[in-house]
Number of protein chains: 2
Amino acid sequence: MGKERVTVVDIARAAGVSKSTVSLVLQGSPLVNEATRAKVNAAIRELGYVYNRSAANLRQARSKIIGIVVNDLTNSFFAELAVGVDEVVQSAGFVQFLANTSEKLERQREVIASMREHGVSGLIISPARGTEVGDLAPLGAAGIPVVLVVRDIPGADVSSLISDNHAGAVAAVRHLVERGHRRVAFLGGFADTAVFEARMRGYRDALQEAGLDTSETLTIGSAPSRAGGVTAIEQAMMLKERPTAALCFNDAVAFGVCDGLRARRLEPGEDFAVIGFDDVIEAKTAVPALTTVSVDPQGMGERAAELLLKQINSGRVEPEAIVSPVRLAIRQSCGAAVGRRMKEISS
Amino acid sequence: MGKERVTVVDIARAAGVSKSTVSLVLQGSPLVNEATRAKVNAAIRELGYVYNRSAANLRQARSKIIGIVVNDLTNSFFAELAVGVDEVVQSAGFVQFLANTSEKLERQREVIASMREHGVSGLIISPARGTEVGDLAPLGAAGIPVVLVVRDIPGADVSSLISDNHAGAVAAVRHLVERGHRRVAFLGGFADTAVFEARMRGYRDALQEAGLDTSETLTIGSAPSRAGGVTAIEQAMMLKERPTAALCFNDAVAFGVCDGLRARRLEPGEDFAVIGFDDVIEAKTAVPALTTVSVDPQGMGERAAELLLKQINSGRVEPEAIVSPVRLAIRQSCGAAVGRRMKEISS
DNA sequence: CTTGAAATTTGGAACGATCTAAATTATCCG
DNA sequence: CGGATAATTTAGATCGTTCCAAATTTCAAG
């Protein structure tokens, strides 16, 4: 009744060769004769053999798994990132272990430990808020390559791939200033992340460069989500001197800001200029199409995966810190130059 | 120089016990004496031991991995579903293998094969379009429990958890009819899926029940995406007899429809009623908030995972086909009763 | 003390692949 | 045909854990 598992020995017997030869065939070795290869493959199909990776990993000491740890999978930025990683990882014959930490350090620790136990060959991590150098140290010590994405951890001795947040923010604000805006807000995001800091600094620098007010009143934090955007813009509109434009921490916030504006019967792109950050897929198709700093999450995932694979294959490499260039995708939500209506509401 | 891997034997030696005892401790067996357990745990910490799951799996013939295969991770419905699965799977001591097929059958086959090789204990699959019974048969034969989610595959001998698409569509259309709509469209989606068929049938049935026109002209297919929604509503507005309301295939389409309406200077919820399907997180915070058939993707993920775990633990169970109840979340986008403006544009 | 049962601990054989080094077979050339 | 070289194939050890059966220790009761 109970069917035994089919192993290399079984197919060796069936094909009339030794298990070593079967192993060679499984690995696609060029050493083996075409005729025997065919015989073996036939037997494999015949018996419905399923390769046992656990056994292989045991001997080889490292599996063909790469792990990816993200801090918030429900944010489509990270979902797209994961898709990008999966794409290249799969075609390199690896398989992806994906875990979501929901921004919880404890979960992140568990997840990374579990991946180590499974013998992952490398890890791509978008760290949860508050991750420290020490959380990654054991990986480095064990010789497991790590690529940090999106968020960097200062002092960590691993590679990182983050987008040029500062330059992106500068470009966005310059664009708004060129269009005549004088009161530009920075909306959304939590102040304790490196990403926030960089975008914020770019915003300030561009403002300063244009000789504009860089006081703190126009900077309003919130959760980096759509709902956060709604509350941020609400607060902004309570100010005595209202902004006429805003650079948002990310696209989710920007969408929320648009929602909030509409709730006040203001049309984003006409009555108020909105620029986002990240360029998630919906940015293009939204109405109005969202002007945003284009980061291409899927592309970032692909590049992170390539970087990681390079490190895995070349044994040991110096950690690289790559900043990924960024461009401003100008669409409708940043509107035309400041015109009648904007002047009107801003006064 | 080269540090050797630390194994049970090493910690056995360090703790002055046998490797069997260490193994017992590792598994949290109640057989072992408290004092020795402490000694062993100390040694484990001391030497920085990392459990080798490959070795364990080899012996035990099945790993604590559950696989989840989704057809489109960039769709936030599935991202949320995956998060729900991850949640319960992790707390049950399993770890999740997530793969995205991008709706490609070939990729799906590879991915499922790879998961088998890794010895997954069970699989949650949202199958790619065109998946056939034969694609799942080998899993059943190998005694690997499978739970299908979202899309069912008629004739497959596995459990499934799908939402009550028919009832949801009926409820949505009834609601629109009660509000006075007489020309209700069904927008978006591909006609060759079981999900489409069910929602569509619900739409028809409710229309018929109200004695309304069920001719095909008001049914307009499109890609089940935001962009698809835009094109679908454009087509709908070209009709000589325009609809005043629409049930959309899913929320992404519904958002696209809202976008398309705005592009024509029509305000969703005021000039035209829109109802979506799925209730993704953005539905609540969008403006106008989207009325939608609430499916709670994360909850579905959790339930699917629980169902799967039940099957894994209880050895062998009869496949169950669960249809998950659904409720209409009435928000702003379906507007008030047909009023002045709607009559105006619809004539 | 003995003794039997209960509580702990343990040696050694798996698990199913890979790898090394050596054996076998085929091929070539004068 | 002999010998050398190249091409294939193979035996057997090995990876790090779990599991079985048996051994040892502990303990309570007689």
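Let me begin with one residue. B:Ser102 is partly exposed, because its relative accessibility is 29%. Here are the cut-offs: buried means under 20% relative accessible area, exposed means over 50%, and partly exposed is in between, with a 1.4 Å probe and protein chains only. B:Ser102 is found in the loop between strand S2 (95-100) and helix H6 (105-117) of chain B. Helices (H or I, at least four residues) and strands (E, at least two) are DSSP runs, numbered from the N terminus. B:Ser102 has a positive phi of about 50°, although it is not a glycine.

A word on the source. This is a predicted model, where local features need pLDDT of at least 70 and side-chain atom pairs count only at pLDDT 80 or more, while totals for chains, interfaces and linings use all residues. Residues are numbered from 1 along each chain as its sequence is written, chains are lettered from A and ligands numbered from 1 in the order in which they are written, and side-chain values use heavy atoms, with hydrogens and water left out.

Back to phi. B:Asp278 also carries a positive value, near 125°, and is a residue other than glycine. B:Asp278 lies in strand S9 (residues 273-278) of chain B. Is B:Asp278 buried or exposed? Its relative accessibility is 8%, so B:Asp278 counts as buried.

Next, cysteines. How many disulfides does a search of the whole structure find? Zero, over all chains. A:Cys334 is in no disulfide; its nearest cysteine sulfur, in A:Cys258, is 11 Å away. A disulfide here is a pair of cysteine sulfur atoms within 2.5 Å. A:Cys334 is buried, at a relative accessible area of 0%. Now chain B.

Now the aromatics. The search of the whole structure finds nine aromatic pairs over all chains. One of them is A:Phe186 with A:Tyr203, a tilted pair at 5.3 Å centre to centre and 50° between the planes. The cut-offs: rings of Phe, Tyr and Trp (its six-membered ring) pair if their centres lie within 6.5 Å; planes under 30 degrees apart count as stacked, over 60 as edge-to-face and the rest as tilted. This pair links distant parts of the chain, 17 residues apart: A:Phe186 is in strand S6 (residues 184-187) of chain A, and A:Tyr203 is in helix H9 (residues 194-209) of chain A. Both A:Phe186 and A:Tyr203 are buried.

Over to chain B. B:Phe196 and B:Phe249 have ring centres 6.0 Å apart and planes at 35°, so this pair is tilted. B:Phe196 lies in helix H9 (residues 194-209) of chain B, and B:Phe249 in the loop between strand S8 (245-248) and helix H11 (251-263) of chain B, so the pair ties together parts 53 residues apart in sequence. B:Phe196 is buried at 7% relative accessibility, and B:Phe249 is buried at 9%.

B:Arg199 sits among these rings. It lies over the face of B:Phe249, at 5.2 Å from the ring centre. Its charged end also sits over the ring of B:Phe277, 3.7 Å from the centre. For this, NZ of Lys or CZ of Arg must be within 6 Å of the ring centre and within 35 degrees of the ring normal.

Back in chain A, A:Phe186, A:Phe196, A:Tyr203 and A:Phe249 form one aromatic cluster. A:Phe249 lies in the loop between strand S8 (245-248) and helix H11 (251-263) of chain A. A:Phe249 is buried, at 9% relative accessibility. A:Phe249 and A:Phe186 are 63 residues apart along the chain, with C-alpha atoms separated by 7.2 Å. Leaving aside neighbours within four places in sequence, A:Phe249 is in contact (heavy atoms within 4.5 Å) with residues including A:Phe196, A:Arg199, A:Pro224 and A:Phe277.

Last, helix H4 (residues 53-60) of chain A. Which of its residues are buried? They are A:Ser54, A:Ala56 and A:Asn57. Seen down the axis of H4(A), these fall within an arc of 160°, so they line one face of the helix. That arc is taken from the directions from the helix axis to the C-beta atoms. The buried residues of H4(A) pack against helix H4 (53-60) of chain B.
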